[in-house]
Amino acid sequence: MGQQRAQTVQLTRLHLDELLEELAARISTVRGTRDRLHSLLEAVLSVGRELDLAQVLRRIVETAVALVDAEYGALGVIGQGRMLDEFLPVGISDELRAQIGDLPSGHGLLGELIRNPQPLRLAELSDHPASSGFPPHHPPMHSFLGVPIRVRDKVFGNIYLTGKHGGAEFDAEDESVLSTLAVAAGVAVENARLYEDARLRERWLQASAEVTSAVLSGAAEKQVLELMAERAREITSAELGAIELVRGDGELRVEIALGPGAEAHRGATLPRTGTFAGAALDAQALIAAADVRKDARVTFKADRWEGFGAAVAVPMSTRDEVRGVLLLARSSGRPGFSEAETTPLTGFAGQAALALELADRRRDAEQMSLLEDRDRIARDLHDLAIQRLFATGMTLQSVQRFVEHPGAAERLRRAVDDLDATIKIIRSTIFGLRDHEAPGGAAGLRVRTVRATEDAAAALGFTPALRMEGLIDTDVPQAVADDVVAVLNEALSNVARHARARRAEVSLIVRKGVLELAVVDDGVGIEAGAGSAEGVADGAGADDGSGRGAGRVIGAGAAAGAGAAVGAERGAGLRNLAERAERLGGELVVRAGERRGTRLEWRVPLAGVGQGADPSGRP
């Protein structure tokens, strides 16, 4: 009886021990669940505190790895074509990432969650039919857990976890915890996106205000376009920013190109057909390309886009006119432009086009004011100055016959001659001022010189100073005038292409039967442009009295020698200028400026070439 009681007591103790162990296990489980719930709550709060989208994404994947005790984790952001635009891994060192190579883009098992956005849990990921293996140097991975991140009703991306510590599998609780985190992540992503959109809109508004302010303050068109391209490039974090303007013949000219790789674009003239900008003009709307190098719309010199991937182009147009196209491109391998980044581009480009149109109208108003001022000056000169000078000359002529002293008579005669010459100069100036009134006739040399100088401002980035002196429209034959305009255009073109100057000065002087055209700049100088002053011209390096070497090109032969120093393009230009001077019996002199830069002098005699008749006579 006692033995039976002892056995019963022992059995009761065993049951009690088992119950206590089970209770302890359940308490441990409850405590673990409580701790995990606390960790999950802290993770949700931590993710929700971030507003920067990049930091939010990084915090999500790091938190997911810690919550389910995984060795590796990643977050993939779904982009265009239902592929991964971004892939943020955790647990792999930078060195190992470099050895593995390109990050996944959404094929294989990772693409399975894109195609079927439902939680996926695997004991062995290689057993799944969609698994395509690992690239070289990739660490081995077995267990797998993936859940989608939804922002409202749209799948934003996926969380991928592999390698649960201890070799265990991910269980249903892990899946539940990760799914809960994904819900919180979707809210955090949406908040971060709204914050980022607000910041983007603010930056676009600031950029638009800056462009408008630059236009209204009278900044040059090139400066305004550079500001536009730079601000658009900064806001969208694009490497390349370019502006292509529509020319009168319908072709496109790359007026502005900024950033790495811009040299392949800057200054190029392109057809409308077969170019990315032309496609935007044809569509009359913003267009985007995931890889501009392989875009079917780009058939003309696609190699210009080497090294670039995602790109956008938006027309710069007003209600009445299309001015050009704004282009932005990112380096190959970078994610494409988001809708939040590109939506404000259309308004920005339209406002910029409107600002340019306002600048054109302002220039037209200034031109009209200038022409009216010229008319007033011409009237005043004709009605007041010339008449008074003529009256003075007539008075001196009538007095001359009463002067008996030979020296005094000679001085009076010279004074009358000087008055005649002065009247001719004033009349020449009046004809130049009023040349715009005769649209059917050929413009005089004065007006053509002014036009050539103003036209060069677009390439130079500034308007050169201009000084004219003498009987330019009356003493210079038409044939010589044509050469003068050609020489001026070539000289200013050289300054724009080679000198890197900030200012230039043009002087056109007709004096004592000689015409002299001089173009002076403050650029890098002939030494920097040609390698040495000696190669520029015959006799270069000689002291001209200022302590600086002087170069002289007399005739085409010397210009050919100069071409070896300044490069084929610039040398050919100098050779052409020298040939024009030689044909007219003149010379071309190229030398260093007084302080820096280059001075070009083109000088020809007018005697024997065919003096222009004085169209004025005397009143």
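This note goes through the predicted model from overall totals to single elements.

1. Basis. The model is predicted, so local features need pLDDT of at least 70 and side-chain atom pairs count only at pLDDT 80 or more, while totals for chains, interfaces and linings use all residues. Residues are numbered from 1 along each chain as its sequence is written, and side-chain values use heavy atoms, with hydrogens and water left out.

2. Overall totals. The protein has 16 helices and 18 strands; these are DSSP runs numbered from the N terminus, with helices being H or I of at least four residues and strands E of at least two. Of the 619 residues, 43% are buried, where buried means under 20% relative accessible area, exposed over 50% and partly exposed in between, with a 1.4 Å probe and protein chains only. The accessible surface is about 32300 Å², and carbon and sulfur atoms hold 51% of that; areas come from the Shrake-Rupley method with a 1.4 Å probe, and for residues only the protein chains shown count as cover. Among contacts with a separation of 6 or more, 60% are between residues 24 or more positions apart, a contact being heavy atoms within 4.5 Å.

3. β9 runs antiparallel to β10 (residues 308-317) and is joined to it by three bridges; two strands pair if DSSP finds at least two bridges between them. A288 has V312 in β10 as its bridge partner.

4. Axes are lines fitted to C-alpha atoms, for helices over the stretch in contact, and angles run from 0 to 180 degrees between N-to-C directions.

5. Helix α6. The 15 residues of α6 (residues 221-235) should span 21 Å at 1.5 Å a residue, and the end C-alpha atoms are 21 Å apart, which agrees; the expected span is 1.5 Å times one less than the number of residues. Its buried residues include V224, L225, L227 and M228. S237, which follows α6, has a positive phi near 50°.

6. Helix α13. Residues 478-499 form α13, whose 22 residues should span 32 Å, and 31 Å between the end C-alpha atoms agrees with this. Among the buried positions are V480, A481, D483 and V484.

7. Helix pair. α2 (residues 53-67) packs with α5 (residues 172-216) at about 170°, the axes being 9 Å apart. α2 is therefore roughly antiparallel to α5; angles over 145 degrees count as roughly antiparallel, under 35 as roughly parallel, 65 to 115 as roughly perpendicular and the rest as oblique. Contact residues include L53, V56 and L57 of α2, and V177, L178 and L181 of α5.

8. β13 (residues 504-511) and β14 (residues 514-521) pair antiparallel over eight bridges, with L517 as the partner of L508. They form a hairpin with two residues between them, and K512 in the turn has a positive phi of about 55°. β14 also pairs antiparallel with β18 (residues 598-605), over seven bridges.
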